[in-house]
Amino acid sequence: MSIIKLEDVNLIFKVWREKRIKNILIPGSKKFNDFDKDGTIHAIRDMNLTINEGERLAIIGHNGAGKSTFLKMVSGIYPPTSGSLTVEGRISSMFELATGFEMESNGWDNIYLRGLMLGETPDSIKAKMSEIAEFSELGEFLNMPVKYYSSGMFVRLAFSISTAIHPDILLLDEVVAAGDAAFLSKANQRMKEMVEISKIMVLVTHAMDSAVEMCNRCIWMERGSIVMDGDPKDVTKAYIKSMV
Amino acid sequence: MLKDYFKGIWQDRYILLSLVNKDLQLKYRRSALGVAWAILTPLGLVLIIGSVYSIIFGADPKVFIPALFAGLNPWLFINIAADGGTMSFIGAEGYLKQTTVNAQIFPVRVVMGGFINLLYSILAFFAVYLFLQPQLFGPKMLMMFPGLIIMFVFAVSLANISAVLNLNARDYQPLQSLILQGLFYVTPIIYEPSMLAAKGFAIVYQINPIYYILEVVRTPMLGRELPTWDVYVIAIAITVVLFFISVKLVMKTKKGIAFKL
């Protein structure tokens, strides 16, 4: 039984203030930087949400609405500041591009390492290596250090790994868009299959089509809160309307 | 807390080993001699310093060079652990923001890489020593192994502490490297402890924790005698206390570490 449950969850970031002796000694030297007055960002506000098995949730909203933070919180990378967060089930995720790779190592080593970090054992990830390589279509490039990869190639690699490990919960940030058209349609196909394998999927997206096509529930986030929750068609329509 | 610390390392043991392996491979990538550098570097360094000091101090190179070798390489290892530790969390930002890998493996990663290099340099040491003083080889040398274990745990503690402190205040790294450079001169590495004692400054090394950690490895390696039991007691006590403190710090930092990166 997989479930994601949030009860009155808040997440507050502390912004690390730049403290320098210079700023104390020379008054006014800091005038261009008043970002540090408060030093906190309220990224998720009093959120209540339950995602049950079989739900494919799309999250839409402006940049900085807290969508990616929400995903990272569910995956366990950011602990909530207050409230209760329950996540049951094995998670596989894909967030920013090109981070979490060992730049000097080749594609194969990175598949192995990323697989381990997503909870595979050495044997199970080795068994999936060729399938991942095939899906990524990177071919010869896999023998090359990943520091030479383009962002599209990183997407191919990261996406192929994250979706190859059959999780209960799949968390995807909108990154697939950096792939080329051929890969995009392939990735969409893969996600549709994943929906059948994985019990819960959460997809952060700016593409309204994929929200409608791939998901059966959609939330619209604004400033860390849920503005609207419902059928993808209705929510995306309302969202687009609000922008005009 | 201690249980969670070890549980996390055990859980991510394959990641840890794979990272250490990668670090070692990358270090000697595209070099013709490859891993031989791990043996040649300490050897060359010791021969240079050893020859110069033998001339200046008029010490017998046959005695002085091995003594220097046995002290310098463990010192370098401790240095790498403390210095490498400072960047171990910061350098792992990509992993820590992308996956829920246990953060405590990253300081250990640095220490393990340094430790393998230390083992290579010890091999080089014995090769030289066998040539210079073959009569000193004996079972006493086996006491080097418990010493290495103490030193390893000590180094992990240092790496843990410097990883946490540097994450919170980036001033820590330059400060620490200054302290380490100073410690190099007050620790009996390029001179004998007895030389300090003869001038009435024995206290300088007696209050230096690193002296005890070096002693439990260096003295058995030289094969002449073994450290006295009080040296072992002090070395173990320092290591255990430091390790507890460092684990507490790491586990406290681990929660929400992605915020701090």
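The model is predicted: local features need pLDDT of at least 70, side-chain atom pairs count only at pLDDT 80 or more, and totals for chains, interfaces and linings use all residues. Residues are numbered from 1 along each chain as its sequence is written, chains are lettered from A in the order in which they are written, and side-chain values use heavy atoms, with hydrogens and water left out.

**Interface of chain A and chain B**

- Chain A places 29 residues in contact with 25 residues of chain B, where contact means heavy atoms within 4.5 Å.
- About 2300 Å² is buried between the two chains, and carbon and sulfur atoms give 62% of that area. Buried area is the accessible area (1.4 Å probe) that two parts lose on being put together, summed over both.
- The rule finds one salt bridge across this interface, a salt bridge being a side-chain nitrogen of Lys or Arg within 4 Å of a carboxyl oxygen of Asp or Glu. Glu102(A) pairs in a salt bridge with Arg109(B), with 3.4 Å between the closest N and O atoms.
- Four residue pairs are in polar contact between chain A and chain B, both residues being at pLDDT 80 or more. A polar contact is a pair of N or O atoms within 3.5 Å; within protein, one must be able to donate a hydrogen and the other to accept it, and residues adjacent in sequence count only if both atoms are side-chain atoms.
- On the side of chain A that touches chain B, at least two residues each come from β1 (3–14), α2 (67–75), β5 (91–94) and α3 (107–117) of chain A. Helices (H or I, at least four residues) and strands (E, at least two) are DSSP runs, numbered from the N terminus.
- The element that gives the most to this side is α3(A), with six residues.
- By class, this side of chain A has 16 nonpolar, six polar and seven charged residues. Ala, Val, Leu, Ile, Met, Phe, Trp, Tyr, Cys and Pro count as nonpolar, Asp, Glu, Lys and Arg as charged, and the others, Gly among them, as polar.

**Salt bridges**

- Over all chains, the structure holds 13 salt bridges.
- Arg90(A) and Glu120(A) meet through their side chains in a salt bridge at 2.6 Å, N to O. Arg90(A) lies in the loop between β4 (82–88) and β5 of chain A and Glu120(A) in the loop between α3 and α4 (122–136) of chain A, so the pair ties together parts that are 30 residues apart in sequence.
- Glu120(A) also forms a salt bridge with Lys128(A), the closest N and O atoms being 3.1 Å apart.
- Glu120(A) is buried at 7% relative accessible area, Lys128(A) is buried at 18%, and Arg90(A) is partly exposed at 32%. Buried means under 20% relative accessible area, exposed over 50%, and partly exposed in between (1.4 Å probe, protein chains only).
- In chain B, Glu93(B) and Lys97(B) form a salt bridge with closest N and O atoms 3.2 Å apart. Both belong to helix α5 (residues 93–98) of chain B; because they are four residues apart, about one helical turn separates them.
- Glu93(B) is partly exposed at 32%, whereas Lys97(B) is buried at 17%.
- A network of salt bridges links Glu55(A), Arg217(A) and Asp229(A).

**Cysteines**

- A search of the whole structure finds zero disulfides over all chains, a disulfide being a pair of cysteine sulfur atoms within 2.5 Å.
- Cys215(A) is in no disulfide, and its nearest cysteine sulfur, that of Cys218(A), is 7.2 Å away. That distance is too far for a bond.
- Cys215(A) is buried at 6% relative accessible area, and Cys218(A) is buried at 0%.
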